[in-house]
Amino acid sequence: MPTTYRVAGVGLATASGVAVAVQSRINGELGVRLGDGFGAAVISFGLGLLVLLVLVPLVPTGRRGLRDLRGALTAGTLRPWQCLGGVCGAFLVATQGLTIGTLGVAVFTVAVVAGQSGSSLAVDRAGIGPTGAQPVTAPRLAGAALTVVAVLLAVSDRLGQPDALVLAVLPLLAGVAIAWQQAVNGRVRVASGSALTATLVNFTVGTAALLVAFAIDVAVRGWPAGGLPAEPWLYLGGPIGIVFIAVAAAIVRFTGVLLLGLATIAGQIVGAVLLDIALPTAASHPGFTTLAGAALTLVAVLVAALAPQR
């Protein structure tokens, strides 16, 4: 494989990771404006779904993917529960709207990466993904342990704020869910032969889950106090999610899964810290411990990446 393609793939993966950090800030701000994290998540996922409902039927691979997906479900080669990855994606987007206004993007991202790194060990060992069971190696185990230390370091300056520490558990759990989501979405992608179709399934399931959660939220707390903001950029969270998934599917053959994941997570962390520094909010005040936690997360990801890919 030409080195130029590999380098370009790493650059695109890093940029897509930065885009995920931007998505987190957008959805977090939308949640603050609406006064409701679930409402912001419904808008983000719902707009992404509308784009896909128009795009997939227009693309030949999308139409073929829908036919192959139906055939795989009928034949039993793909189980219905393997199509539920969107529930985890919905949980992640909901936590963006619920917690970033208090935690800031940097602490949120470190917590997500910590959960994702740890749970990926169990997901790989169980063979949930399309590559089958993967052994737990010493470098990956060390990387997972370091990410837990990193998130504790990142939130150490908030030990006197119990509410903030409790909120940090939500993105941590969202990170745990992401590993399972990536695994089952990979199964859907293999069965349908189309990353676009797998993305549509993800957004459909996620939007349905969020609508149920939003209905319960409205029944308990009432309609969101804030009105719909006028700024168009606050509605770009869903389309950014689509672009992120599409880029990953396009460049993985040049970078490999391991290098793709490393570059994406690096982009997320760097983007989150830069956003909190360059465009601070009332909650984003990254001090030394937050920056040190982000740096330690990068080290942990690098250690985990040293494990041979099987």
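Modeller: The accessible surface of the chain is about 13,900 Å², with areas taken from the Shrake-Rupley method with a 1.4 Å probe, where for residues only the protein chains shown count as cover. Carbon and sulfur atoms hold 73% of that surface. This is a predicted model, in which local features need pLDDT of at least 70 and side-chain atom pairs count only at pLDDT 80 or more, while totals for chains, interfaces and linings use all residues. Residues are numbered from 1 along each chain as its sequence is written, and side-chain values use heavy atoms, with hydrogens and water left out.

Biologist: What percentage of the residues count as buried?

Modeller: Of 310 residues, 49% are buried; buried means under 20% relative accessible area, exposed over 50%, and partly exposed in between (1.4 Å probe, protein chains only).

Biologist: And the fold: how many helices and strands?

Modeller: There are eleven helices and zero strands, where helices (H or I, at least four residues) and strands (E, at least two) are DSSP runs numbered from the N terminus. Among contacts between residues at least 6 apart in sequence, 84% join residues at least 24 apart, a contact being heavy atoms within 4.5 Å.

Biologist: Turning to charges, how many salt bridges does the whole structure have?

Modeller: The search finds four, a salt bridge being a side-chain nitrogen of Lys or Arg within 4 Å of a carboxyl oxygen of Asp or Glu. E29, R33 and E231 are linked in a network of them.

Biologist: How far apart are the closest N and O atoms of E29 and R33?

Modeller: They are 2.9 Å apart. Both residues lie in helix 1 (residues 3-34), four residues apart, about one turn of the helix.

Biologist: Which residue meets R221 in a salt bridge?

Modeller: D36 does, at 3.2 Å from N to O. R221 is in helix 8 and D36 in the loop between helix 1 and helix 2 (37-58), so this pair ties together parts 185 residues apart in sequence.

Biologist: Are those two buried or exposed?

Modeller: R221 is exposed, with a relative accessible area of 53%, whereas D36 is buried, with 2%.
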